[in-house]
Amino acid sequence: MYSNVYENDCFMKARRFIENKDFKKAYNFLQSINEKCSEWYYLTGLSAMN
């Protein structure tokens, strides 16, 4: 029923951008994702904050 968002390739790509301190790329990439869940909001907020 629920998918494991932590293993979602899109979110893993965004996390790599964030780990490399490329916050603008992470934010822009996340804006292209339609699947908005708690992970999306967390990563978007984290990238926008930095």
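Colleague: How close do the axes of helix 1 and helix 2 come, and at what angle do they cross?

Modeller: They come within 7 Å and cross at roughly 160°. Axes are lines fitted to C-alpha atoms, for helices over the stretch in contact, and angles run from 0 to 180 degrees between N-to-C directions. This is a predicted model, in which local features need pLDDT of at least 70 and side-chain atom pairs pLDDT 80 or more, while totals for chains, interfaces and linings use all residues. Residues are numbered from 1 along each chain as its sequence is written, and side-chain values use heavy atoms, without hydrogens and water.

Colleague: Why are helix 1 and helix 2 called roughly antiparallel to each other?

Modeller: Angles over 145 degrees count as roughly antiparallel and those under 35 as roughly parallel. The crossing angle is roughly 160°, so helix 1 and helix 2 are roughly antiparallel. Residues in this contact (heavy atoms within 4.5 Å) include Phe 11, Ala 14 and Phe 17 of helix 1 and Phe 23, Ala 26 and Leu 30 of helix 2.

Colleague: What makes helix 1 and helix 3 roughly parallel?

Modeller: Their angle is about 20°, with axes 11 Å apart. Helix 1 and helix 3 are therefore roughly parallel to each other. Among the residues making the contact are Ile 18 of helix 1 and Trp 40, Leu 43 and Ser 47 of helix 3.

Colleague: How many helices and strands are there?

Modeller: The protein has three helices and zero strands, and its elements run α-α-α from the N terminus. Helices are DSSP runs (H or I, at least four residues), numbered from the N terminus.

Colleague: How do you know whether Thr 44 is buried or exposed?

Modeller: Buried means under 20% relative accessible area (1.4 Å probe, protein chains only). Thr 44 has 10%, so this residue counts as buried. Thr 44 belongs to helix 3, residues 38-49. Of the 50 residues in the protein, 32% are buried.

Colleague: Which backbone oxygen does the side chain of Thr 44 reach?

Modeller: That of Trp 40, at 2.7 Å. Leaving out residues up to four places away in sequence, Thr 44 touches Tyr 27, Leu 30 and Gln 31.

Colleague: Which residues make up the largest nonpolar core?

Modeller: The core has 12 residues, among them Phe 11, Phe 29, Leu 30, Ile 33, Cys 37 and Trp 40. Helix 1 (9-19), helix 2 (23-31) and helix 3 each give two or more residues to this core. With residues up to four places away in sequence not counted, Leu 30 touches Phe 11, Ala 14, Trp 40, Leu 43, Thr 44 and Ser 47.

Terms used: A polar contact is a pair of N or O atoms within 3.5 Å; within protein, one must be able to donate a hydrogen and the other to accept it, and residues adjacent in sequence count only if both atoms are side-chain atoms. A nonpolar core is a set of buried Ala, Val, Leu, Ile, Met, Phe, Trp, Tyr and Cys residues joined through side-chain atoms within 4.5 Å. Angles under 35 degrees count as roughly parallel, over 145 as roughly antiparallel, 65 to 115 as roughly perpendicular and the rest as oblique.
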